[in-house]
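Here are some friendly notes to read with the model open beside you. Take the points one at a time and find each residue as you go.

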Amino acid sequence: MGLLDGLIGNASESDAQELQQELSRLLATDERVEKAFVIIRDQLIFTNKRLILVDKQGITGKKKEFLSVPYRSIERFSMETTGHFDLDAELKIWVRGQTDAVSKTFRNDRNIYDVSKALADYAL
């Protein structure tokens, strides 16, 4: 069900050990993946040192942008849940030095609470 959730826009938790191997060239020597979530094709990866936002681009998703955000640079974040007519939930993260928030849209708010809690655990 995790893959199906990711494809329809629900956040699903990824296997941290598998991502550790996949990102080995990107991670610092003593850095480890602790939690990760997939939203459609994008990923939010929580390590013991930073938040990595992966934006897969193009039709195949082979091209990727990695945004590395040290936890100390996260100034604030907000979570907007779904409503009766608005079925999308949204997470916004304001990073020091950027005027616009990093925004991620979820198709429902079932897992946005898990992502928001992980963000609070690491950034606060």
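The points below go through a sheet, a loop residue and some salt bridges in this predicted model.

1. Start with the open sheet, where three strands line up in the order E6-E7-E8 with antiparallel pairing. Strand E6 (74-80) and strand E8 (102-106) are the edge strands, each pairing on one side only. On average, neighbouring strands here are turned by 10° against each other, direction ignored.

2. Now look at how strand E7 (residues 89-95) meets E8: five bridges join these antiparallel strands.

3. Next, visit Ser73, in the loop between strand E5 (63-70) and E6. Is Ser73 buried or exposed? With a relative accessible area of 14%, Ser73 is buried, because buried means under 20%. Beyond its neighbours within four places in sequence, Ser73 is in contact with Trp94, Val95 and Arg96.

4. The whole structure has seven salt bridges. In one of them, Glu31 pairs with Arg50, and the closest N and O atoms are 2.7 Å apart. Glu31 sits in the loop between helix H2 (16-22) and strand E2 (33-39), while Arg50 is in strand E4 (residues 50-57), 19 residues apart. Glu31 is buried at 3% relative accessible area, and Arg50 also counts as buried at 15%.

Notes: Residues are numbered from 1 along each chain as its sequence is written. This is a predicted model: local features need pLDDT of at least 70, side-chain atom pairs count only at pLDDT 80 or more; totals for chains, interfaces and linings use all residues. Side-chain values use heavy atoms; hydrogens and water are left out. Two strands pair if DSSP finds at least two bridges between them. Helices (H or I, at least four residues) and strands (E, at least two) are DSSP runs, numbered from the N terminus. Axes are lines fitted to C-alpha atoms, for helices over the stretch in contact, and angles run from 0 to 180 degrees between N-to-C directions. Buried means under 20% relative accessible area, exposed over 50%, partly exposed in between (1.4 Å probe, protein chains only). Contact means heavy atoms within 4.5 Å. A salt bridge is a side-chain nitrogen of Lys or Arg within 4 Å of a carboxyl oxygen of Asp or Glu.
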